[in-house]
Amino acid sequence: LSDCLACDNCMTSEEGARVFQQNQKELFRILNLNKKCDTSKHKVLAVSICPQSLPYFAAKFHLSVNDAAKRLCGFLKSLGVHYVFDTTIAADFSILESQREFVQRYQRRNQEDHALPMFASACPG
């Protein structure tokens with residue numbers, strides 16, 4: 001979240017409370033607490049990896065994208081993260097939905113003044 005532009009366009013007030021928990025300081029606080037307590041009292045930690053980050057790590061460390069994913073996942077699990085998820089499929093679904101909406105809007109362009117242009121984005125953070 002250190003790259004977040006804080007534009008508030010990606011969340012509602014309820015999500016704001018959840019985003020507060022997603023920062024480096026909170027992650028390390030919970031990792032340290034989990035090391036000190038009984039495993040039955042651990043807080044479950046889940047990390048999602050966006051598709052844009054893997055090629056960066058691969059290039060930086062001269063690895064294939066698959067090797068970078070394996071190593072990053074292994075590193076996070078060695079820290080104490082319980083689950084690591086790849087969000088590539090979510091990005092694919094997002095692209096498919098944007099494509100579907102664009103086709104619908106394009107077909108309605110002569111009937112509706114505001115059918116086009118269509119703006120779409122992903123958070124730059």
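H62 is exposed, because its relative accessible area is 74% and the cut-off for exposed is over 50%. The model is a predicted one. H62 sits in the loop that runs between helix 3 and helix 4. Its phi is near 55°, a positive value in a residue that is not glycine. Most residues other than glycine have a negative phi.

## Confidence

Across the chain the mean pLDDT is 81, with 78% of the residues at 70 or more. Helix 1, residues 13-20, has the lowest confidence, at a mean of 56. At the other end is helix 4, residues 65-79, where confidence is highest, at 93. Where pLDDT is low, the predicted coordinates should not be read in detail.

## Fold and burial

The chain contains five helices and two strands. Read from the N terminus, the order of these elements is α-α-β-α-α-β-α. The chain has 125 residues, of which 14% are buried.

Contacts can also be sorted by distance along the sequence. Among the contacts in the chain with a separation of 6 or more, 46% are between residues 24 or more positions apart.

## Helix 3 against helix 4

Helix 3 and helix 4 pack with their axes 8 Å apart, at an angle of about 100°. Helix 3 is therefore roughly perpendicular to helix 4, because angles of 65 to 115 degrees are classed that way. From helix 3, the residues L54, P55, F57 and A58 take part in the packing; they meet V65, A68, A69 and L72 of helix 4.

P55 belongs to helix 3, which covers residues 53-60. Between the C-alpha atoms of P55 and V65 there are 5.7 Å, although the two are 10 residues apart along the chain. P55 counts as partly exposed because its relative accessibility is 39%, which lies between the limits of 20% and 50%.

## Strand 2

V84 lies in strand 2, residues 83-86. Apart from its neighbours within four places in sequence, V84 contacts V47, I49, C73, L76 and K77. Its C-alpha atom is 8.7 Å from that of L45, a residue 39 positions away along the chain.

## Aromatic rings and charges

How many aromatic pairs are there? The count comes to three. One of them is formed by Y83 and F85, a stacked pair with 6.2 Å from centre to centre and 20° between the planes. Y83 is partly exposed, with a relative accessible area of 47%. F85 also counts as partly exposed, at 47% relative accessibility. Both labels follow because 47% falls between the limits of 20% and 50%.

Charged side chains are also found over aromatic rings. K60 lies over the face of F61, at 6.0 Å from the ring centre. R109 lies over the face of Y106, and here the distance to the ring centre is 3.8 Å.

## A cis peptide bond

Which two residues are joined by a cis peptide bond? They are L116 and P117, with omega at about 5°. P117 is located in the segment after helix 5, a helix that spans 88-107. Most peptide bonds are trans.

Notes: Residues are numbered from 1 along each chain as its sequence is written. This is a predicted model: local features need pLDDT of at least 70, side-chain atom pairs count only at pLDDT 80 or more; totals for chains, interfaces and linings use all residues. Side-chain values use heavy atoms; hydrogens and water are left out. pLDDT is the predictor's confidence in each residue, from 0 to 100. Helices (H or I, at least four residues) and strands (E, at least two) are DSSP runs, numbered from the N terminus. Buried means under 20% relative accessible area, exposed over 50%, partly exposed in between (1.4 Å probe, protein chains only). Rings of Phe, Tyr and Trp (its six-membered ring) pair if their centres lie within 6.5 Å; planes under 30 degrees apart count as stacked, over 60 as edge-to-face and the rest as tilted. A charge sits over a ring if NZ of Lys or CZ of Arg is within 6 Å of the ring centre and within 35 degrees of the ring normal. Axes are lines fitted to C-alpha atoms, for helices over the stretch in contact, and angles run from 0 to 180 degrees between N-to-C directions. Angles under 35 degrees count as roughly parallel, over 145 as roughly antiparallel, 65 to 115 as roughly perpendicular and the rest as oblique. Contact means heavy atoms within 4.5 Å.
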